[in-house]
Amino acid sequence: MAINIGLQAQEKFDPVAWQAPYSLDLDGWGIERFPIPIDFAPKIPYKGVEDVRFTTGWSKPESDEYWSYAFLWYVEGQQAPDAKTIENNLAMYFDGLVNRNIEKRALPKELIKKTKAQFKKLDEPQGEDESTFTGTIQMVDYMGKKPMILHATVHLKKCAGADHTIIFHQFSPQQRTAPVWTKLNGLWDSFRCAQ
């Protein structure tokens, strides 16, 4: 199943009606979908769909799941991003996310800093990944109005016969040994290509 989501299609994209050509767990997760190019990070050079899953504690500062979530980019073409490309894309993504919240959240100017992303490619991909990257993102927690470091994993996968690439991102300020990572990893384990 091929989709073509470009700039014109952004206005027509219906996240509720869109049928994902893969399966990814929905139970117990908050869901949001929108087209790529992303309105708050238009320089990320992909076309496709972002499919987000939020933990139940994502927006609750008292929760061990605060800021823990994942998103899947279903992008056109056979993409093979390296660590530097992932760093650049995620720096643009989180800078855009913070910038769209500056006024809404009344963020103090002295708090606003450029996002810094650092990633490395693992020597051995995890599971059935084509490539796996791990790293950190230093950014502004616009909900808590403070600096924050997110631990992150990025999985690259291609489904047989598809003209799209799956780029799956996992984030949490919690260390990778924390229970929320079991939940995030379980979400990726639930991914299945269309039959």
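Which residue lies over the face of Trp 29? Lys 183 does, at 5.3 Å from the ring centre.

## Basis

This is a predicted model; local features need pLDDT of at least 70, side-chain atom pairs count only at pLDDT 80 or more, and totals for chains, interfaces and linings use all residues. Residues are numbered from 1 along each chain as its sequence is written, and side-chain values use heavy atoms, with hydrogens and water left out.

## Charges over rings

Besides Lys 183 over Trp 29, Arg 176 lies over the face of Trp 181, at 5.1 Å from the ring centre. A charge sits over a ring if NZ of Lys or CZ of Arg is within 6 Å of the ring centre and within 35 degrees of the ring normal.

## Aromatic pairs

The count comes to 24 aromatic pairs. Rings of Phe, Tyr and Trp (its six-membered ring) pair if their centres lie within 6.5 Å; planes under 30 degrees apart count as stacked, over 60 as edge-to-face and the rest as tilted.

Trp 18 and Tyr 74 form a tilted pair, 6.3 Å centre to centre with 55 degrees between the planes. Trp 18 counts as buried at 10% relative accessibility. Tyr 74 is buried too, at 5%. Buried means under 20% relative accessible area, exposed over 50%, partly exposed in between (1.4 Å probe, protein chains only). Tyr 69 and Phe 71 form another tilted pair, 5.9 Å centre to centre with 55 degrees between the planes. Both Tyr 69 and Phe 71 are buried.
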